[in-house]
Structure formats: structure tokens, C-alpha cells
Amino acid sequence: MSNASQQAGYAPVNGINLYYEIHGSGQPVVLLHGGLGAIEMFGEVLPALAAKRQVIAVDLQAHGRTADIDRLMRYEAMADDIAALIAHLGSRKVDVMGYSLGGGVALRTAIQHPDVVRKLVVVSTPFKRDGWYPEILVGQAQMGAAAAEPMKQTPMYQTYSNLAPKLEDWPVLLSKVGNLLLQPYDWSTDVAAIKAPVLIVAGDADAIRTSHAVDFFGLLGGGQTDPGWDGSGMSNAQLAILPGLTHYTIFSSPALAATVLPFLERP
């Protein structure tokens, strides 16, 4: 169990047994990992957040300790899982933070269940499929069961092999994530309607286009005008481009926690 969680368990929601851990105390923030990952991928970020907040960290469908079920992997369904988990834990309103695939789930949670999301943090997450660089889309299209054997050499598989309830489901996970990544989507209209404060975070060498992160900020009213000397014209969205970080280093960087905490703590 990562970083001595105070509580861990499985929530029976929507036909899935969703694994979660609770660390720290204070205003809750739900933390969602990236594709082929698990809670453990956040490294130093989780304890840094838990020093100030109650962190509810989750293993998403077919990831980590959460066994797969007989349904497609879709952002919308996983967002419903998160809303059901929040209700299961007796929380009314929480902050939600997700990275990459988990960022897509966090974003859909805020769109589909606005009543349960207080603040939203999306890290290295596009709001439409072409927010990824073209070469990333090419790589995503090659993910599937055929990649299962070569992918056993990766840190993702090492984590999976340590945690997964059914090790033989590794090719299934790759197939389902691969299928999810092929689905076209554009959530521009939904994003523009979000009322909760949003922090968008990306590395300056991320797998999503830097200009896409700026477009995301713009959809939320950011970067449209000078806010005035008193800041009265500021939107309630914030944008952070973290220097020297890639899609593969940002999720465990202490700089991520240092960027997110002031946003969460702000009244």
C-alpha cells in the first residue's frame, strides 16, 4: 500500500469493485492516475498533497487493484464510477485531480456531475482528441493485445504485475485502453459550460500540444483580456506550463504538487 494509507478498500459501484486509498486529512481531493498506471505512479506527489489535504486515490477500471468488468472502457462510464465512489464515501463536494487518462475521467466527472466537484485539476489532458501531437496519436493507434508481450518490459507492467488481481488480464487492459484512445471526441462545448474553478497543468515538453493547453484555458474564459490592476477581470481558471517536464515525468514531479496546492487552498 503506498505511503501508509489510513484507509483502503473496495467500493461496489456500477457493477465494479473500485479500489481506493485515503491518505491525510482535510478537504478531500480525488486523485486519478494515467492510462496503464495505478495510484503508485504519483510518487512524491501523493504524500505532498496528503500533507495538506485528504487524498482519495483510486485505481480505475481494469487498472492496478481494480479488476476489469464486462464493459467497454469509456471516460463517461469511469466518471460515473468516480461520482458513485464519492457518494459511497459520504462526501458531498470534493476536488478532483487527474493526469492524462485520469484527467479525462476527472474532466468528465466535472461535466457529468457538477454538483460533486468543487475544484478541478487536469494534468496533461486534452479536451479533444487532436490535442495530442500527431505522432502520439499514431502510437496510441498501435496499442492493443498485440503489444502485451513487448510492453512487459515497461515500468507500467512491473506495477501491474505487483498489484493486479488477474495477471492474465494485461492484454485485455491494453486492448480496452487502445480502443478508448481511438474514439473521436471533442468536449469544447461541455468544457465552456463548467462553473467550477479549473487548473490546467501541462509540461512545456508534454505529449499534448502547448497551444492546446492555451486553447483549453481560453474555453474557460482565461487569457481573453487584461484583468485590471485589481484583478477583477480574472477568470476562475488557471493555467500552469511547468518547465522541463514531459508527459512521462510530470505526474511524479514535486513541481506538480507545488503548483496544485496553492490552487486548491485558495478560497
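A residue is called buried here when its relative accessible area is under 20%, exposed when that area is over 50%, and partly exposed in between, using a 1.4 Å probe and protein chains only. By that definition, strand E2 (residues 16-23) is mostly covered, with seven of its eight residues buried. This is a predicted model, in which local features need pLDDT of at least 70 and side-chain atom pairs count only at pLDDT 80 or more, while totals for chains, interfaces and linings use all residues. Residues are numbered from 1 along each chain as its sequence is written, and side-chain values use heavy atoms, with hydrogens and water left out. Helices (H or I, at least four residues) and strands (E, at least two) are DSSP runs numbered from the N terminus.

**Strand E2 and its partners**

- Strand E1 (residues 7-13) pairs with E2 in the antiparallel sense over seven bridges, where pairing requires that DSSP finds at least two bridges between two strands.
- The hairpin of E1 and E2 has two residues between its strands, and Asn 14 there takes a positive phi near 50°.
- On its other pairing, E2 meets strand E4 (residues 54-59), again in the antiparallel sense, over five bridges.
- Ile 22 of E2 is the bridge partner of Gln 7, and Ile 22 also has Ile 56 in E4 as a bridge partner.

**Helix H2**

- Helix H2 (residues 75-88) has 14 residues and reaches 20 Å from its first C-alpha to its last, close to the 20 Å expected at 1.5 Å a residue, the expected span being 1.5 Å times one less than the number of residues.
- Among the buried residues of H2 are Tyr 75, Met 78, Asp 81 and Leu 85, and just after the helix Gly 90 takes a positive phi of about 80°.

**Salt bridges**

- A salt bridge is a side-chain nitrogen of Lys or Arg within 4 Å of a carboxyl oxygen of Asp or Glu, and by this rule the count comes to twelve.
- Asp 95 forms a salt bridge with Arg 53, the closest N and O atoms being 2.5 Å apart; because Asp 95 lies in strand E5 (residues 94-99) and Arg 53 in the loop between helix H1 (45-50) and E4, the pair ties together parts that are 42 residues apart in sequence.
- Both members of that pair are buried, Asp 95 at 0% relative accessibility and Arg 53 with a relative accessible area of 2%.
- Asp 81 forms a salt bridge with Arg 71, with the closest N and O atoms 2.4 Å apart; Asp 81 is buried at a relative accessible area of 2%, and Arg 71 is buried at 19%.
- Arg 209 and Asp 130 form a salt bridge whose closest N and O atoms are 3.9 Å apart, and this pair links distant parts of the chain, 79 residues apart.
- Arg 209 is partly exposed, with a relative accessible area of 23%, and Asp 130 is partly exposed at 42%.

**Asp 206**

- Asp 206, in the loop between strand E7 (198-205) and helix H8 (210-219), is buried yet has no salt bridge, and the nearest side chain of opposite charge, Arg 209, is 11 Å away; Lys and Arg count as positive and Asp and Glu as negative, with His and the chain ends not counted.
- The side chains of Asp 206 and Ser 124 are joined by a polar contact of 2.5 Å, meaning a pair of N or O atoms within 3.5 Å in which, within protein, one must be able to donate a hydrogen and the other to accept it, and residues adjacent in sequence count only if both atoms are side-chain atoms.
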